[in-house]
Structure formats: structure tokens, C-alpha cells
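Biologist: Could you put the model up, so that we can go through it together?
Modeller: Here it comes.

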Amino acid sequence: MSGRAWRPLRCEAMQASPLPPLMQSAAKVTESLTAWRIDADFERCLAEARAGLRLCAESGVRVWETNLMGQEAAAHLSRGDLSAAAAALERMRQRLPQSR
């Protein structure tokens, strides 16, 4: 089953009642992971991971931040962009102490 199958339901649920930032960022983790592992849509994976990272920065709720950085690195690796993957992993390394 494609990740696109559940997307309309999730979007409808979020419009009905806005989720708190923790749940919104968890949804971005799920969306980026689905785009990468199920749909092999690396551009969408990057877009979802970056949207999640913006949400983490804006809300201050950073629970999923390193996971989103890992998704960003995985998408870059899947695209064959080693320098972008290395940069994403370096940002992740720098953030690890604050995420524990």
C-alpha cells in the first residue's frame, strides 16, 4: 500500500482539530519515512523532513528533531548526494547532546 492512501485521512483529521506541535512533528516523521521507505519519493521525504525541522525550531518542541535529521540524511544518501548527507549528519551530531 502506498503512503498516499492514508494521507487524505490524516490531512482531514488535522484540519478538523489542530494537533499540538509534538503530534504535528511526529506526523512529519511518519510522512517523511513513508515517502522514503514506501514510496521511494526522496524529494517529498526531504520536503517533509524539512517542514518537520521548521516546526521543531518554531515551536521549541524538539523531541523528533534528530529523527527528522536522520530522514533528511537518508534521503540525500538515496539520491546519491553524499555531501548533503554528510552536512545533515553533522547537524544531527551537533544536536545529539541536547536531544538526550
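Biologist: Which residues are linked with Lys28 in a network of salt bridges?
Modeller: Lys28 is linked with Glu31 and Glu48, where a salt bridge is a side-chain nitrogen of Lys or Arg within 4 Å of a carboxyl oxygen of Asp or Glu. This is a predicted model, in which local features need pLDDT of at least 70 and side-chain atom pairs count only at pLDDT 80 or more, whereas totals for chains, interfaces and linings use all residues. Residues are numbered from 1 along each chain as its sequence is written, and side-chain values use heavy atoms, with hydrogens and water left out.

Biologist: How many salt bridges are there in the whole structure?
Modeller: A search finds ten, including one between Glu72 and Arg91 with the closest N and O atoms 3.2 Å apart. That pair links helix α4 to helix α5 (residues 82–99) across 19 residues; helices here are DSSP runs of H or I, at least four residues, numbered from the N terminus.

Biologist: And Glu72 itself, buried or exposed?
Modeller: Glu72 counts as buried because its relative accessibility is 5%, the cut-off being under 20% relative accessible area with a 1.4 Å probe, protein chains only.

Biologist: Switching topic, what does the side chain of Thr34 reach?
Modeller: In helix α2 (residues 21–37), the side chain of Thr34 reaches the backbone oxygen of Thr30 at 2.8 Å. Thr34 has 8% relative accessibility, so it counts as buried.

Notes:
Helices (H or I, at least four residues) and strands (E, at least two) are DSSP runs, numbered from the N terminus. Buried means under 20% relative accessible area, exposed over 50%, partly exposed in between (1.4 Å probe, protein chains only). A polar contact is a pair of N or O atoms within 3.5 Å; within protein, one must be able to donate a hydrogen and the other to accept it, and residues adjacent in sequence count only if both atoms are side-chain atoms.
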